[in-house]
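Let's walk through this structure together, from the chain as a whole down to a few side chains. Please have the sequence and the 3D view open as you read.

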Amino acid sequence: MAAKEADFPASPATTKTSPVQVPSQARSAAMESIEDIIYGSVAGLVGKYIEYPFDTVKVRLQSQPDHLPLRYTGPLDCFRQSIKADGVLGLYRGIAAPLFGAAAETSSLFFFERIGREAVYASGYCSRDKILPLPALWFTGAFSGAFTSFVLTPIELVKCKIQVPATSSSEAATKAPGIMSVVKDVYKHEGLRGFWHGQMGTFLREAGGCAAWFGSKETTTKLFHVLNERAAAARSQSERDALATEALPLWQQAVAGASAGMSYNFLFFPADTIKSRMQTAPVNRGPGPDQQPRRTFLQEGRALWNQHGLRGMYRGCGITVLRSAPSSAFIFIVFDGLKQHFPL
């Protein structure tokens, strides 16, 4: 997922200003939003290149049919078979859609998070002259993720269908589908509604996952601030006050980002597994002797549970959580470096 620096700029209410200063502050807030979107998108694109091979393996592990013997015994076996069949570049199959998705996700997350923050202020839960407390950040994360899920579902549906190789003998020699062929096939047989197949899984993953992302990241950030203040106990009061508000060192931001990414991926992984299985199912081509009816989210989850239990729900979770730590850490380092050295 895209990462976000949560050092919230001070509200105009924190200082007394003359009317002529208001436009400058408004412009500053606008430029801050533009920086978040642009630099967050750049960091997300770079991070996507790092994590994508692991994501491909995760999707292939998740999407194994419940009525057939498992094709892969684990992540390493999936890597081995995938490279043997398609080479290393095969692990990057379908990356164009996720690259677009990374930019779209980041922009949507920042946009809806800002709306969620304004909703918190408007509710009176927190005044604008204070930094949002952790419970409010959990809410703004869930708010942002819930709306972002509607942007991500079509993108991830196309990605998943490209990532998963053909499994039947009749399809063995078929060329891997491209983005446009998948889009045309889904639209032809299921219309626009077909692109949101698996929406419930994306909704649960993004709403819960983004809440965990904000909560874990902010909790770790707050812990580092406390530790840094204690380490600076011998300094003057003004220096200690500055430490409480200034950005953390990059390595501490990376640790906070890593903890956030791992929390996001682990807590709601079953929802992502069910979503991947739904989105990698063959396109519904209408009535026919071999056509299986589309399963709902609950039906897919029940079938997976009956066949493989809790272990099936978390198939591919280890490699996903493992790659999320360095990926999220790297995204934070890139994002914070751009914000610090290339302000707009």
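**From the whole chain to single contacts**

Of the 344 residues in the protein chain, 49% are buried (under 20% relative accessible area with a 1.4 Å probe, protein chains only; over 50% is exposed, and partly exposed lies in between). Bear in mind that this is a predicted model, where local features need pLDDT of at least 70, side-chain atom pairs count only at pLDDT 80 or more, and totals for chains, interfaces and linings use all residues. Residues are numbered from 1 along each chain as its sequence is written, and side-chain values use heavy atoms, with hydrogens and water left out.

The protein chain has 11 helices and 0 strands, so read from the N terminus the order is α-α-α-α-α-α-α-α-α-α-α (helices are DSSP runs of H or I with at least four residues, strands are runs of E with at least two, and both are numbered from the N terminus). Among the contacts with a separation of 6 or more, 80% are between residues 24 or more positions apart; a contact means heavy atoms within 4.5 Å. The accessible surface of the chain is about 17400 Å², and carbon and sulfur atoms hold 65% of that area (Shrake-Rupley method with a 1.4 Å probe; for residues, only the protein chains shown count as cover).

Now to the side chains. Where does arginine 277 sit? You will find arginine 277 in helix H9, which covers residues 269–279. Arginine 277 counts as buried because its relative accessibility is 7%. Its side chain makes a polar contact of 3.2 Å with the side chain of glutamate 300 (a pair of N or O atoms within 3.5 Å; within protein, one must be able to donate a hydrogen and the other to accept it, and residues adjacent in sequence count only if both atoms are side-chain atoms).

Next come the rings. The whole structure holds 9 aromatic pairs (rings of Phe, Tyr and Trp, the last by its six-membered ring, with centres within 6.5 Å; planes under 30 degrees apart are stacked, over 60 edge-to-face, the rest tilted). Tryptophan 213 and phenylalanine 214 form an edge-to-face pair, 5.2 Å centre to centre with 75° between the planes, and both residues are buried.

Phenylalanine 266 and tyrosine 314 form a tilted pair, at 5.5 Å and 35°. This pair links distant parts of the chain, 48 residues apart: phenylalanine 266 belongs to helix H8 (residues 250–267), and tyrosine 314 to the loop between helix H10 (297–313) and helix H11 (317–341). Phenylalanine 266 is partly exposed at 43% relative accessible area, and tyrosine 314 is partly exposed at 26%. Finally, look for Phe112, Phe139, Phe143 and Phe147, which form one aromatic cluster.
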